[in-house]
Amino acid sequence: MKSDLDDIPALINENKTRKKLIDPVLKKYGWYKQYIKEEVNSVKSDFAGKQLVYFKGSFQKGVDRFIDYVLLDENNSVLAIIEAKSFAKDAKSGRIQARTYSKDIESQVNRKVPIFLTNGRKWFLIDEDGIEREVSGPFSQEDLKRRNDLFHKREVPKDVAINDEIVDRPRSVQIVRKLSEHFSEGHRKALVHMATGTGKTRVAMAIIDLLIKANVIQNVLFLADRTSLVDQAKTNGFQEFFTEPVEDLREGFSTSGRLYVCTVQSMMSRKPRIFVERFSPGFFDLIVFDEAHRSIYDANKAIDKYFDAIKIGLTATPRKHEAKSTYEMFDCKEEGPTVEYSYEDALRDGVLVPYTAEIIETEVLSEGIKGKKLSAKLKDDLRRQEIDPDSVDFSGSEFDRVFMDDRTNELIIREFMATCYKSDEGKPCKSIFFCASKRHAEYMKNIFGKLFPKMGNEVQVITSGHYRAIDEIKRFKLESEPRIALSVGMLDTGVDIPEVCNLVFVKPVFSGIRFWQMIGRGTRNFESCKHPEWLSEKTKKDFKIFDFKIGGHSNIKFHEFKVSTERAPQKDVLTKIFDNRVNLLEKPLTDDQKKLISGKVIQSVEALDTSSFFVRPKSDIVDRVKEHSFDLENYMEDLRKEIAPLLVMNPGENADVSSFILQAEKLFPLILDCRYDQIYEIRNYVREKAANILQKEASLMVVKENKDKITKVLQPEFWQDLTFEDVEFIVRELAPLMLYYEPTPGKIALINKKDTVLTREHYEREVKEDEELLIFLDKNPLIKNIKDGMGITSLELKALEKQLSSLRPEITVENIQKFRQKDFIAFLKEILGIPNEADPKKLIEKKFDEFIIRNHYYSSHQMNFLILLKKVFAERKYVDISDFGKPPLSDEHPLDYFQLSDLQFLVNQCNEIQVA
């Protein structure tokens, strides 16, 4: 893609930088010339009166100062200024003079003016708060106006009330408050770790609501890599808690709303140009990244780099499994999230439930199948499948990939049905089977039908290969039938079905992130369930996992006791193709071979859009490489480290076409190294693809027209003495035809060998108490007084509550009695292991009665008030003088019957009562 930047030499002066680089970018983001003023005199202009003075060829030395660019509102008010430097200079070198210009303007208009610093390659913003950061480019006029309005209306986020209709759990409220404090300090990024099922979406909606009310943000984007997560944010998030319509960017480009949802894939779409660049860099004020660790579709963090927004990452990944890159992306300095609510914390709070697991090892899944040990009948079955039984030596880990054993599937189903959680009518509770493949799920469905015919409607396959699979997910979630979902991928994450009580793993899961997402399908507690009739004994205290070991791999043991390592972001196919071509340039090539490969490399480089924010900072390197296309081997470092990462911005090819090119071009180095065995493997790959396409000759004109070319690569002689030109023929002529390739299902051996259980281990996920809390309980003197029976007073309990809540914010009298519906004293004694023989409230009321009896001189009106005070005190465990001014005590008008000194005396008496 050609642009004006293609003609720019490595060093150009400031004037050319402005004309060639800065002006086109301003135009790209919608700026009309009438609102862009250049060389404005910051000293002599009347900015308040909107009368600007420009440079006219001469200036008054020591007095005049000229601003490179002034960006105006439609009413000619200043929105921002730009300080430009030449292409070769550091963009930030203009910081001091730009600050001087902005002060000149501010002194007249009495408001802050944002500053952009640029050399055409890089852009930096100094916002109204003086926070300096790199941005991908200037903001549009509309975005600068919106942000200016927000700045002048904004409140301090930590002072804004939290909407308790969105979040009402103590931990969720605490997390939202901590985030509001975090952003009040000027931070622009935060990582929120909350275990699946603890209310991440609600927390996200609550902080969005708070920041909108604080006038910190207006345009919000909720981003995820899975359609189900985006749908959930749209329906269970924005549409439930906000009245404004939601713009779904999966359906097309829009700038007409305030609340937006999209997938990462749609935002990174490259047809006709990258979707993100259709927005101004300042369009979104806040972006929420759900499942923040998922970088596979944005390995270069292009969305993060492009938009200048407050960014919140949401993740359910346990701290020990989280990638370092995720912490870095959200500016977490100590390799920990900004706020955290772990699975362990949620278990202790009763917000989530633990699991019990049966780790089951079977003979076939563990040891595999040896053909020589099979019965005569099973050997004959293999021969009918054109498989030599004597050559069969399948490992257990090859189950479903190489062989299928329905007797093993029968064993899995029987083991499940024998001990799974069942509802009162005898049906399995809601259950998910994580099957090895779509094919495996269909096998399981058939075997369920044979073993338990009456359960036909209760067992359904839910995979992406089924038309309207989303309808079946909705039925699984909202209706009693089906009870059992045989799934591959679709129910791993992003689907909230609290009633799920059984999870069955019939596949190895090596990703720690993936495993904990899958576990999260069962962690919801009883309070989350809307259909207790689907549960075992109409309650849910835990859920059950059936972990079938495949090739000796136990998912439970692997992930509970092993820390996952971070997987490097995967390169896309276009980048891999480019890397392979660059690597070839280091090999001994003939002139013709070098010309062919160099041409391919340069073709990719020339396809880069040098006006793109992602390519622009490297434009000098891009130009240098293009100028030396004849000796690219001298620029290998540039090609590998600087150019290759930019290729993700090039228009994408069809996945089948790109994959074919990648495989076919592996022939180049194999030809050079005479590696005929590997050439043979790729030959088979190419011929299989060609033969598949040739079958469509009758139905597709394009195949019929290219029949001779397709047939050519099927001939043995084509592959004799293979040359670079032959490989280029394959790429040039066959690759475009891969659009019509339709894969045929791989053949696997069907062996129904009887299977038996070898070992069965029971594993229970313990709810461990917080280590720090246990130490506190062991050493605290007030706790010791409770344990020793000496008791503590109301004032001492108040001090103890403060100490406890500093360790565990949810441990307050109000929270325990409201959310756990348990008396605070009873709760304390429970965690201390002290028998609770009597109702704590009754004991407090009894001691209060003793006080009333001792002071029998009170009037009847005063006595009535004291009885109310007794009830309030027994419930709250302490009172303060301010409580007499609040309901329910204020409702009785205590100052009508008591002097203020009398009320203080009552407070003092209450504080001396032993409450525990």
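**Notes on a predicted model: loops, rings and a helix pair**

1. Let's start in a loop. Asp-331 sits between α9 (324-329) and β13 (339-341), in the loop that links them. The phi of Asp-331 is near 55°, a positive value in a residue other than glycine. With a relative accessible area of 44%, Asp-331 is partly exposed.

2. Although Lys-50 is not a glycine, its phi is positive, at about 65°. You will find Lys-50 in the loop between β1 (36-41) and β2 (66-72). Its relative accessibility is 34%, so Lys-50 counts as partly exposed.

3. Next, the cis peptide bonds. One runs from Glu-481 to Pro-482, with omega near 5°. Pro-482 belongs to the loop between α15 (469-478) and β20 (484-488). Another cis bond joins Pro-887 and Pro-888, where omega is about 0°. Pro-888 lies in the loop between α34 (860-876) and α35.

4. That brings us to α35 and its partner. Helix α33 (residues 840-854) packs against helix α35 (residues 900-912) at an angle of about 135°, and their axes are 11 Å apart. That angle makes α33 oblique to α35, since angles over 145 degrees would be needed for roughly antiparallel. The crossing of α33 past α35 is right-handed.

5. Which residues in α33 and α35 meet? From α33 come Phe-848, Phe-851 and Arg-854, and from α35 come Phe-905, Leu-906, Gln-909 and Cys-910. By type, the residues of this contact of α33 with α35 are five nonpolar, one polar and one charged.

6. Phe-543 is part of strand β22 (residues 543-548). Is Phe-543 buried or exposed? Its relative accessible area is 0%, so Phe-543 is buried. Leaving aside residues up to four places away in sequence, Phe-543 touches Tyr-343, Val-353, Pro-354, Tyr-355, Thr-356, Tyr-421, Val-500, Cys-501, Leu-503, Ile-519, Gly-522 and Thr-523. Take Thr-523 from that list: Phe-543 and Thr-523 are 20 residues apart in sequence, and their C-alpha atoms are 7.1 Å apart in space.

7. On aromatic rings, a search of the whole structure finds 39 aromatic pairs. In one of them, the ring centres of Phe-660 and Tyr-685 are 6.1 Å apart and the planes are at 25°, so this pair is stacked. Phe-660 lies in helix α22 (residues 655-664) and Tyr-685 in helix α24 (residues 676-694), so the pair ties together parts that are 25 residues apart in sequence. As for accessibility, Phe-660 is buried at 0%, whereas Tyr-685 is partly exposed at 22%.

8. Phe-824 and Phe-827 also form an aromatic pair, and this one is tilted, with 6.1 Å from centre to centre and 35° between the planes. Both residues lie in helix α32 (residues 824-832), three residues apart, which is about one turn of the helix. Phe-824 is buried, with a relative accessible area of 0%, and Phe-827 is buried too, with 4%.

9. One last item to colour in your viewer is an aromatic cluster. Phe-253, Tyr-260, Phe-275, Phe-279, Phe-283, Phe-284, Tyr-306, Phe-307, Phe-613 and Phe-614 together form one such cluster.

Definitions and conventions
Residues numbered from 1 in each chain as written. Predicted model: local features only at pLDDT ≥ 70, side-chain atom pairs only at ≥ 80, totals over all residues. Heavy atoms only, no water. Axes fitted to C-alpha atoms, helices over the stretch in contact; angles between N-to-C directions. Helix = DSSP H or I, 4+ residues; strand = E, 2+ residues; numbered from the N terminus. Parallel < 35°, antiparallel > 145°, perpendicular 65-115°, else oblique. Left-handed = near helix turned anticlockwise from the far one by under 90°. Contact = heavy atoms within 4.5 Å. Nonpolar A, V, L, I, M, F, W, Y, C, P; charged D, E, K, R; others polar. Buried < 20%, exposed > 50% of the residue type's maximum accessible area, 1.4 Å probe, protein only. Phe/Tyr/Trp six-rings, centres within 6.5 Å; stacked < 30°, edge-to-face > 60°.
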